[in-house]
Amino acid sequence: MNKAIYPGSFDPITNGHIDILKRSLNVFDEVIILIADNPNKSSKFTVEERVLMATEAIKELGLKNVSVDTTRGLVVEYAKSHDAKCMIRGLRAVSDFEYEFQLTAANYYIDNSIDIVFFMSHTETNFISSSAIHELYLSKVDISKLVPNSVLKVYQKKYR
Ligand code: COA
């Protein structure tokens, strides 16, 4: 079983993340969307809301072999304890590279037995970020083409 984790804040999950997830499912047998409950980062959505949005998105898209979990610890440690050999990350632009390069170095320092595999975003989604989605929604711009339906529903409930 070729298992990988896809860690991130997913605050909220977007069609950009879904693009990366779908590509990774062509390579891995099983992918765990790992929502980092990082107390050092301020989030717009609670971890429960982020889990709900991701879980519902998988359901609505009919994606198989994907599950959602959370961690408060190191993502590499989670990978090891769940028998995942790889970690998935997405690259949207050159500007992502430096951050990912450092994150990779830190993760390899913790444990270099977990490989980090990058997927390039599709051109249609490479401008999307979670904070851009948030700003667009609050500015009353239609975000329905940028996020799964589950995210739109939570936004409509939380920010009426
Ligand atoms: N589509 C859309 N958005 C994307 C994207 C894509 N393909 N790829 C990245 N992004 C965006 C996210 O939306 C997010 O946008 P925002 O800043 O506007 O919110 C941004 O890129 C970064 O998000 P993410 O990929 O979730 O990274 P992160 O830095 O928030 O979290 C973790 C990365 C989970 C690995 C890490 O920070 C963490 O919290 N780990 C837990 C502790 C740990 O293991 N540390 C070890 C390393 S030091």
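Guide: Lys140 sits in the loop between α5 (130–138) and α6. Helices here are DSSP runs of H or I with at least four residues, strands are runs of E with at least two, and both are numbered from the N terminus. The phi of Lys140 is near 65 degrees, a positive value in a residue other than glycine. With a relative accessible area of 77%, Lys140 is exposed. On this scale exposed is over 50%, buried is under 20%, and partly exposed is in between, using a 1.4 Å probe and protein chains only.

Before we move on, a word on the source: this is a predicted model, where local features need pLDDT of at least 70 and side-chain atom pairs count only at pLDDT 80 or more, while totals for chains, interfaces and linings use all residues. Residues are numbered from 1 along each chain as its sequence is written, and side-chain values use heavy atoms, with hydrogens and water left out.

Now hop to another loop, the one between β1 and α1, where you'll find Phe10. Phe10 also has a positive phi, about 50 degrees, although it is not a glycine. Lys140 is exposed, but Phe10, at 3% relative accessibility, counts as buried.

Let's step back for the overall plan. The protein has 6 helices and 5 strands, and along the sequence they follow the pattern β-α-β-α-β-α-β-α-β-α-α. The 5 strands form an open sheet in the order β3-β2-β1-β4-β5, with parallel pairing. Two strands count as paired if DSSP finds at least two bridges between them. At the edges are β3 and β5 (115–120), each pairing on one side only. On average, neighbouring strands of this sheet are turned by 35 degrees against each other, direction ignored. For such angles, axes are lines fitted to C-alpha atoms, for helices over the stretch in contact, and the angles run from 0 to 180 degrees between N-to-C directions.

Inside the sheet, have a look at β4. Strand β1 (residues 3–8) and strand β4 (residues 86–91) pair in the parallel sense over 2 bridges, and Ala4 has Cys86 of β4 as its bridge partner. β4 and β5 pair over 6 bridges, again in the parallel sense, and here Cys86 is partnered with Asp115 in β5. Both faces of β4 are covered: Cys86, Ile88 and Gly90 are buried on one side, and Met87, Arg89 and Leu91 on the other. Since 6 of the 6 residues of β4 are buried, this strand is largely enclosed by the rest of the structure.

What about the helices that lie on the sheet? α1 lies across β1, β2, β3, β4 and β5, running at about 115 degrees to β5. α2 packs on the sheet as well, touching β2 and β3, and its direction makes about 170 degrees with that of β3.

Val47, Arg50, Met53, Ala54, Ala57 and Ile58 of α2 are buried. Seen down the axis of α2, the buried residues fall within an arc of 130 degrees, so they line one face of the helix; that arc is taken from the directions running from the helix axis to the C-beta atoms. They pack against α1 (15–25), β2 (30–36), β3 (66–71) and α6 (149–158), where contact means heavy atoms within 4.5 Å. On the other side of α2, Glu48 and Lys59 are exposed. Leu61, also in helix α2, counts as partly exposed at 35% relative accessibility. Just after α2, Gly62 takes a positive phi of about 65 degrees.

Finally, the whole thing: the C-alpha trace spans about 45 × 30 × 30 Å along its principal axes, and buried residues make up 44% of the 160 residues.
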